There are 2 protein chains.
Amino acid sequence: MGSIERIQRVAQWALDSQAKGFDIVLVVSAMSGETNRLVELATQINPIPYSSEYDLLIASGEQVAVGLVTLAINTQAQQMGSSATEIQSRKIAAKGFLGHHIGIRTDRVFSKARIQAIDTVLLKKVISEGVIPVIAGFQGVDPENNITTLGRGGSDTSAVAIAAALEADDCEIYTDVDGVYTTDPRLCQEATKIRRISYEEMMELASLGAKVLQIRSVELAAKYQIPLHVRSSFQPVPGTRVVSRDSLGEKMEQVVVAGVAADPSQVKFTLQNLPESSGGVAKIFGALSEAAIVVDIIVQDVPSHRSAGPGQWGNGGTLSFTVSKPDFLKARKVLEDLKETQLQGCRMVEEEGLAKVSVVGVGMQHHPGVASKMFALLAASGIPIKLISTSEIKISCLIAEGQMKQAVESLHRGFELHRIE
Amino acid sequence: MGSIERIQRVAQWALDSQAKGFDIVLVVSAMSGETNRLVELATQINPIPYSSEYDLLIASGEQVAVGLVTLAINTQAQQMGSSATEIQSRKIAAKGFLGHHIGIRTDRVFSKARIQAIDTVLLKKVISEGVIPVIAGFQGVDPENNITTLGRGGSDTSAVAIAAALEADDCEIYTDVDGVYTTDPRLCQEATKIRRISYEEMMELASLGAKVLQIRSVELAAKYQIPLHVRSSFQPVPGTRVVSRDSLGEKMEQVVVAGVAADPSQVKFTLQNLPESSGGVAKIFGALSEAAIVVDIIVQDVPSHRSAGPGQWGNGGTLSFTVSKPDFLKARKVLEDLKETQLQGCRMVEEEGLAKVSVVGVGMQHHPGVASKMFALLAASGIPIKLISTSEIKISCLIAEGQMKQAVESLHRGFELHRIE
């Protein structure tokens with residue numbers, strides 16, 4: 001939700017769609033800047049304000065948007081009525097709902113709650129009466145009826161969850177951008193809008209820094225097979241459809257790589273000469289996890305003349321992993337504490353100023369040459385690779401941050417993403 | 001609720017009062033300017049936005065304040081704990097509640113709802129656990145669980161209603177001003193803070209333009225005999241206590257006039273030569289009421305040689321009444337329509353630029369000279385009186401708006417209000 005003009009446009013769109021015969025349910029996020037304003041107020045009181053009162057506070061942004069959108073729909077519907085009598089006799093066109101009104105039940109994890117159930121009885125009744133429900137995204141209630149929130153971008157997840165509960169045919173996500181791109185257009189001029197993409201690819205892209213959708217909303221859409229349409233709330237043009245792999249169709253199957261993602265501000269830790277000990281890996285990552293540090297790429301190199309079991313190294317074993325810059329100092333502290341106690345004699349090397357570039361695509365499962373092509377493209381651009389990590393539909397390389405833009409452009413062109421239509 | 005500093009001060013005050021052994025319940029209003037901001041957003045969409053979505057929208061201001069005050073109390077309470085372990089083991093000091101959480105039940109009159117019942121079970125449980133409830137003022141829920149609001153200043157009424165439901169010993173109202181004054185300090189430098197005032201006087205002052213308290217909150221306090229203390233949220237000095245007439249005490253009974261109120265921007269209509277007809281008054285005020293016009297002073301003059309029944313005039317009867325400036329044009333339209341249909345032959349005179357000055361005091365019931373003294377004081381200042389209206393504890397005079405300040409000063413000094421201690 002942006003300005004009043006955008007709210008008026010959403011209202012118009014909802015009434016138009018209803019006039020075309022669709023049953024419409026709107027799920028709204030806060031107006032732009034509103035959540036930041038509320039967070040700013042809270043952090044003036046407490047820099048780490050995560051608790052039930054914080055969720056109660058920041059959920060108010062969506063409440064404002066619900067009020068305004070409902071008001072806009074009802075006002076526009078009234079203006080369409082020709083006489084005062086008709087206006088008075090006309091029943092409301094839209095009705096606003098907060099999380100507790102329609103039982104959006106979540107767990108008790110404030111600020112990162114997960115939806116557990118949605119009661120659709122009232123919603124279905126309202127829809128059957130021809131009224132458009134306007135629902136506050138981002139919020140739910142825990143078992144004690146405390147307001148909970150779903151984390152940044154949580155309104156996407158609310159929309160998909162409600163679509164799933166109502167068995168909707170389609171879930172349209174209106175955002176600041178007009179769709180999902182083959183890469184970040186700020187990094188690569190040749191970035192192209194993706195017409196159709198699979199849930200899996202979208203999840204990889206979302207987790208790799210393409211911040212168009214909250215990743216949980218894509219997981220949920222995949223689970224309940226809800227087709228998503230990511231589109232612009234400014235322009236009425238088709239955006240990106242996120243669908244199941246099966247429904248991608250023949251033509252799209254030929255596309256090997258769907259997109260290139262880039263994540264700057266990575267830091268790499270390397271632990272060398274690790275002592276032989278059982279469960280060493282578990283200890284390291286256990287300690288990092290306890291400090292709430294998210295570890296990304298993990299690479300472990302065991303000298304081949306030793307046969308080490310899982311979680312064990314011989315002397316001289318090497319472990320590398322990356323964390324994002326904001327966690328760097330916290331991670332260093334954890335590792336230094338470990339070095340003094342359980343990892344005595346090992347050597348720790350840090351490397352800052354790194355970036356992760358990744359290519360994502362379901363097609364690469366049937367095209368074994370993607371990895372080697374990626375390495376060749378980076379080599380041809382003179383970009384050394386510091387770490388490699390692969391998954392079923394993704395290959396990531398850690399490189400110098402200063403070469404990130406060049407790497408993205410090289411990969412985008414090399415995999416012919418500028419040709420996608 | 002003003003700025004973050006004021007919120008911090010409220011939190012500190014609540015914790016201090018609790019430490020002194022009091023059970024504390026906080027009822028909070030929106031931060032200053034917030035409700036205006038929300039109303040402004042709504043009126044951009046619809047100039048007359050009264051409906052359920054409007055209430056849902058503007059109730060969010062109090063939700064923000066509840067979140068921030070609760071956060072401030074819990075944060076300050078944590079900071080008082082000395083070690084991390086103690087902080088973690090400490091249970092919360094405050095908990096936020098919205099209208100629906102504690103069943104603040106109202107009627108269905110959006111934007112002007114009246115409280116019908118408050119469920120105190122949860123509140124009493126929370127209080128018994130030593131937790132400070134922080135409750136959103138201004139809001140409740142109707143029988144369908146829609147959010148309702150209580151009108152401007154409604155948080156005062158919420159506070160008194162909750163105090164009544166909990167049978168509180170005292171209800172403190174923290175406002176922008178440090179108490180109720182004998183008159184508007186902007187009009188008269190000699191205005192003095194009133195230490196103690198009766199509910200009845202406070203109601204008359206509130207309805208006459210001393211906008212310190214919502215009048216319904218005073219009605220409610222009188223009904224349930226809840227002592228109010230109107231005081232400053234900026235300075236910790238005693239304010240004005242609003243109490244029952246019985247508990248005003250001997251000394252105060254000697255004060256004849258408690259305050260002087262002034263209301264600018266009045267318009268007077270006079271209808272002359274009204275035709276003889278049954279129910280004429282009812283028709284006029286019925287039509288005005290239908291157009292939602294609030295009529296204030298009404299004076300009717302029946303020529304004494306005729307014996308007209310209620311609501312009837314002989315030819316030549318005269319009716320005068322006042323409305324406030326914002327209703328002027330609407331009222332003129334209603335009256336002109338009536339003149340063409342049912343009041344043919346009558347003459348309508350309008351007079352703009354008027355003000356109403358009033359003296360209020362329970363003492364005047366036993367001092368019959370108050371009215372004549374008021375007229376004499378105004379006459380001595382050369383201020384002509386256009387209309388007079390009296391009630392049990394109030395006398396109002398309509399005068400020229402340009403003389404309002406002079407009239408207030410003259411009455412304030414004449415009734416020796418500057419001597420009140």
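The questions and answers below go through a predicted model with chains A and B.

Student: What relation does the rotation that superposes chain A on chain B show?
Tutor: Chain A is superposed on chain B by a rotation of 179°. The shift along the axis is 0.0 Å, and the RMSD is 0.3 Å. That is the relation of a two-fold axis.

Student: Which residue of chain A comes closest to the rotation axis?
Tutor: The distance is taken at the C-alpha atom. The closest residue of chain A lies at 2.6 Å from the axis, and it is Ser60(A).

Student: Which residues touch the most other members of the largest nonpolar core?
Tutor: The largest nonpolar core has 241 residues. One of the residues asked for, Val69(B), is in contact with Ile7(B), Val10(B), Ala11(B), Leu26(B), Val28(B) and Val134(B), leaving aside its neighbours within four places in sequence. Those that touch the most other members are Leu68(A), Val69(A), Leu68(B) and Val69(B).

Student: Is Ser265(A) buried or partly exposed?
Tutor: Ser265(A) is found in strand S12 (residues 259-274) of chain A. Its phi is near 60°, a positive value in a residue other than glycine. A residue is buried if 20 or more other C-beta atoms lie within 10 Å of its own, and exposed if 12 or fewer do. Ser265(A) has 15 within 10 Å, so Ser265(A) is partly exposed.

Student: What does Asn273(B) count as, buried or partly exposed?
Tutor: Asn273(B) belongs to strand S12 (residues 259-274) of chain B. Asn273(B) has a positive phi of about 55°, although it is not a glycine. With 14 C-beta neighbours inside 10 Å, Asn273(B) counts as partly exposed.

Student: Which helix gives the largest share of the side of domain 1 of chain A that touches domain 2 of chain A?
Tutor: The domain assignment of chain A gives domain 1 (4-246) and domain 2 (261-419), and their C-alpha centres lie 35 Å apart. The contact takes 16 residues from domain 1 and 16 residues from domain 2. On the side of domain 1, five residues are nonpolar, five polar and six charged. The largest share of that side, four residues, comes from helix H8 (residues 199-207) of chain A.

Student: How many bridges join strand S15 of chain A to S17(A)?
Tutor: Strand S17 (residues 394-400) of chain A is mostly covered, with six of its seven residues buried. S15 (residues 347-360) and S17(A) run antiparallel, and Val357(A) stands opposite Cys397(A) in S17(A). The number of bridges is seven.

Student: Through how many residues does a hairpin join S16(A) to S17(A)?
Tutor: Strand S16 (residues 387-391) of chain A pairs with S17(A) in the antiparallel sense over five bridges. Ser389(A) stands opposite Ser396(A) in S17(A). The hairpin joins S16(A) to S17(A) through two residues.

Terms used. Residues are numbered from 1 along each chain as its sequence is written. Chains are lettered from A and ligands numbered from 1 in the order in which they are written. This is a predicted model: local features need pLDDT of at least 70, side-chain atom pairs count only at pLDDT 80 or more; totals for chains, interfaces and linings use all residues. Copies are superposed by least squares on the C-alpha atoms of residues with pLDDT of at least 70 in both. A nonpolar core is a set of buried Ala, Val, Leu, Ile, Met, Phe, Trp, Tyr and Cys residues joined through C-beta atoms within 7 Å. Two residues are in contact if their C-beta atoms, placed from the backbone, lie within 7 Å. Domain bounds come from an automatic or database domain assignment. Ala, Val, Leu, Ile, Met, Phe, Trp, Tyr, Cys and Pro count as nonpolar, Asp, Glu, Lys and Arg as charged, and the others, Gly among them, as polar. Two strands pair if DSSP finds at least two bridges between them.
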